[in-house]
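Please look over the sequence and the structure shown here before reading on. The briefing is meant for a reader who is meeting them for the first time.

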Amino acid sequence: MPRPPRDPARLLPLPSAELHILLALLDAERHGYAIKQEVAERTAGQVQLGPGTLYGAIKRMLASGTIEESGRRPAAAEDDERRRYYRITPFGRAVAAAEVRRLEQLVALARRKRLLGRLRPA
Amino acid sequence: MSRAEHGYRLLLRLLPAEFRERFGDEIAQCFHEWHQEEHRRMGMRGALRVWRFALADLVATAWREHLAVHAGRSRRADDVNPGDSMGSLIQDVRYALRTLRRSPGLVTVVVLSLALGMGANSLIYSVVNGVVFRPFRFPNAERVVLLGASYPKFGVERRFIETFSAGDYTDVERQSRTLQHAFAFDLGNRNLSGGDRPERVFTAFVWGDPMAATGTRPWLGRGFTREEWLGTAERVALLSHRIWLTRFGGDSSLVGRTIEVDGEPVVVAGILPPELLLVGTDLWLPMGANPSIIPRDTRQWAIGARLAPGVPLDRANAELATIARSTEQAFGRELEGYVGWRLEAAPIAQALTGEYRTAATVLLGAVGLVLLIACANIASLLLARAATRRRELAVRRALGAGRWRLTRQLLTESVILAWAGAAAGLVVAYGLIGPTLSLFPEDIREAGLHVSIDGSVLAYTFVVATLSALIVGAAPAFQATRGSEAGGLVAEGTRLSVGAGGRRLRQGFVVAELALALVLLAGAGLLGRSVARLRSVDPGFDTRDVLTMRLSLPGTKYEREKIAPFFEDLRERLVAVPGVRGVAAGTQYPPVNSFSTRVRLEGDADDGGDAIRTADITNVTTGYFDALGYTILGGRDFDSRDRETSPPVVAINVTAARRFFPGRSAIGLRIRLGEEADAAWAEVVAVVRDARNRGLGVPVEPEVFVPVRQQRAGWNNQLFLLVRASGDPAGLLPAVRRTIAELDPEQPVYMVRTLDTTLAESMSRQRISMILLGVFAAVAVALASVGVYGIMSYTVAERTHEIGIRMSLGAANGDVLRMVLRQSVVLATVGLGLGLAGALAVSRLLSSLVFGISATDPATLGGVALLLLLVATAAALVPAWRASRVSPVEAMRGVA
């Protein structure tokens, strides 16, 4: 279901849970718990999404069109009928990229102000 | 669906309907997988972590999503559709939150007192649930039974463990149609090696399939086969889930590998499921023998089974009675124990932790009372508040709000308060579970109980909180919405009064609070005095500074005749250790004897009496009486004369001497121990003072002591080492271990304690009840005194005008003080009278817990009533003093 093209910048700054979910979906379609596991793994357990938070975010992201439900299902043996799989939309990729760029600028600013120390010894 | 998921699903109702319908299943699924994974990885701790996290997450989400729904609605339409109940509910909630935010003091008081009340409830419910009502988590645990037997000839009343012979098991297994999957187990300890160090583990020896009976499956591998439990196949073992995790790191390749049990190779056939810990055993071995070869008078097994589908317990018991009668007919002549014996089944939870059942009921009742008191207090507070809000509510009614809508508004407030209190209470309960469990004796704690804030505790708390909200909210809601619209606007004006009706209701609450507090205080007082009496019982031996531990010499290494020399040798070495004042070993020691035997007297017309003579039998090394501080009243102590080859001798206690040889001196007379007809005659060489060998509150049993070198009847390779220290007994442990290692470096010790601990744990039922009831009674008294203070302050404020008039007419300060105090004394007296009636009514419940005192002891009841009267008067003092300081002029001007 193609949506009218929208400006990714309107969704910024992106809530951190949503950014983590988008990142988790970049390389594969996943169901809810798999998203939670992926996020926990990639952040070495630093970011734990509770089920409520996770699906609250999924609800908003479905509405904003950054992710969509995937029709595909894996083999019946490892599938559970309650599971639904989600994938990132092209718009979602654009939003994630825009958010990361925004963060990049923020980091650059912080460095210029010497918050993190210099990149090279002076 | 797992229990956890079920509980979690209940909580999903906190979420807005639309969101829940779309995502509820997925959220629950996600929780389920997460819970399962953490539980697998980290056991109970992991599961708890998940719960803590998920609860916070859910509450936050519920909050966010409700706000989102509401924001969405306000954007869509400026006015909420009046017929839309969801919309008006949100409005109620928002309104309630706004109102409550305006009175932070009230909210704090209410939430804190509810946190106390609810916390106590959640705590006791989770402990009682885990220890008494549902200690076992296998499916339909109430249909899994243990068989109990009573042997009137032995004076044994309904015992479950170490009770049956192998033949009894075969009878039940073959004949019963009402029981399925009958199994039998004997208990013991085995040295387990393979892993990092040898360890002594609690072991069950099994016939039959307990997993089938409990409806569980092995976590890994398989259960025992018939050939294995009959001993015709290679030796195998099952390990408990917890020992598999802690000792073998949860390594799944363990199944099929060989480990060593008492130095012999055994193949691990499987891992037991985590929920199946048969009375706390970590190692299961097949019995490895055919029951038919074991004599009928060897009674050391417990029998369990599952009720056949559709069979109620009493039908199974009727059938068991028939089986018992046919056994009696077949064997009663040669084995007298079977004469008049009874056989009955009880649900396994009742059989194993049944002794705590009364205490559990009492405590559940007690926390219920605490919560009721808290509720009465809060209701009284809210009632006062409702009075101040009458005007507001009247305005709303005048503007068209229905009475139902206003009531719902007020109830919404109390529900929010109650849930906040419940949440705080859960935190309190969570923090107190550990300390509470530490009150229980070790065998209960280590039996693999499942005590935690789980789904059922959450559900319970949720229900209790909602009920409390209704109790607390009903009266104020009713009071505040009563009467005509105009009445509230016109008549109330600026006066802050709920009128006579409201005051009487509040006084009623205070009376109820005092009554309930008295019931609790009476219970705590009775138990306190019982424990004090138990403590003052003379145990008959010296319990101070004695270190105790158990050693089991493996039969493969120590033949029967090597056991006594080992312990005598160890004794001689230990006596030389600095700080040791006395050493001995014995098969048991007071106050927890468990071995007894049959006694026959020389010159007795054999066994004419109704009951067989029995006595506790204790095999002891030399120095036993000295180490435990027994007084030898006549005759001589055992010494080096009493050898394997010398004529058999025994010592007996005073109770045995009186019962067996009334009116005679027992010294020099002869007795015979055990069932065998050709047992040797043993001469009584000493009579020792009675020691409480079956518990402090229990009459002393006759006891016979046999030198360990001469042990014949019931020889034993497991002895307790008893070391009396000249200072701190625990400090001796390293030296004792070193000395044992000098004799045999591979010999483990276990059950290391002190005699004082054992003695304290023998009173644990009373002690736990006393401590918890004491704490609850204290909370109750505190709450009730706050209640008295509240009502008296309120009354004084309301009567300021009247007091002013009285004083201007000549009443002195003292008169006013007395008047107010008199009123509180009247209230207190009514409350205490009702409370005394209540205490008498529940005294029957307590009678099995009290010791040495009647459950209706007048001194205790009178004492606590007096105490409560003093507390109530003290609570009224401040308001009374304030009343006596009223300035007549101010009073009459201010309120006019």
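The model is a predicted one. In it, 24 residues of chain A are in contact with 21 residues of chain B, and the area buried between chain A and chain B comes to about 2000 Å². The second largest pocket, with about 1600 Å³ of space, has a lining to which helices of chain B contribute.

**Where chain A meets chain B**

- Of the area buried between chain A and chain B, about 2000 Å², carbon and sulfur atoms give 53%.
- Four salt bridges are found across the interface of chain A and chain B, and B:Arg22 forms a salt bridge with A:Glu69, where the closest N and O atoms are 3.0 Å apart.
- Between chain A and chain B there are ten residue pairs in polar contact, counting pairs in which both residues are at pLDDT 80 or more.
- On the side of chain A that touches chain B, at least two residues each are supplied by α2 (32–42) and α3 (51–64) of chain A, and the largest share, ten residues, comes from α3(A).
- Sorted by class, the residues on the side of chain A that touches chain B are eight nonpolar, eight polar and eight charged.

**The second largest pocket**

- Rolling a probe the size of a water molecule over the atoms shows where empty space is left.
- The second largest pocket holds about 1600 Å³ of space, and of the 48 residues that line the pocket, the closest to its centre are B:Leu14, B:Val59, B:Ala62, B:Trp419 and B:Phe462.
- The elements that give two or more residues to this lining are α1 (3–11), α2 (17–76), α3 (85–101), α13 (403–437) and α15 (455–481) of chain B, and α2(B) gives the most, with 13 residues.
- By class, the lining of the second largest pocket is made up of 36 nonpolar, seven polar and five charged residues.

**Salt bridges**

- Side chains of opposite charge can pair when their charged atoms come close.
- Over all chains, a search of the whole structure finds 39 salt bridges.
- One of the salt bridges joins A:Glu38 and A:Arg42, with the closest N and O atoms 2.8 Å apart; A:Glu38 and A:Arg42 both lie in helix α2 of chain A, where they are four residues apart, about one turn of the helix.

**Backbone features**

- Most residues other than glycine have a negative phi, and most peptide bonds are trans.
- A cis peptide bond, with omega about -10 degrees, joins A:Leu12 and A:Pro13, and A:Pro13 has its place in the segment before α1 (16–25) of chain A.
- In chain B, the peptide bond from B:Pro590 to B:Pro591 is cis, with omega near 5 degrees, and B:Pro591 lies in the loop between β13 (580–586) and β14 (596–601) of chain B.
- A:Ala44, a residue other than glycine, has a positive phi near 50 degrees, and A:Ala44 is found in the loop between α2 and α3 of chain A.

Note on methods. Residues are numbered from 1 along each chain as its sequence is written. Chains are lettered from A and ligands numbered from 1 in the order in which they are written. This is a predicted model: local features need pLDDT of at least 70, side-chain atom pairs count only at pLDDT 80 or more; totals for chains, interfaces and linings use all residues. Side-chain values use heavy atoms; hydrogens and water are left out. On a 1 Å grid over the protein atoms alone, a cavity is a set of points where a 1.4 Å probe fits but cannot get out, and a pocket is an open set with protein on both sides within 12 Å along at least five of seven lines; lining residues have an atom within 4 Å of a point. Grid points are joined across faces, edges and corners, and a volume is the space filled by probe spheres set on the points. Ala, Val, Leu, Ile, Met, Phe, Trp, Tyr, Cys and Pro count as nonpolar, Asp, Glu, Lys and Arg as charged, and the others, Gly among them, as polar. Contact means heavy atoms within 4.5 Å. Buried area is the accessible area (1.4 Å probe) that two parts lose on being put together, summed over both. A salt bridge is a side-chain nitrogen of Lys or Arg within 4 Å of a carboxyl oxygen of Asp or Glu. A polar contact is a pair of N or O atoms within 3.5 Å; within protein, one must be able to donate a hydrogen and the other to accept it, and residues adjacent in sequence count only if both atoms are side-chain atoms.
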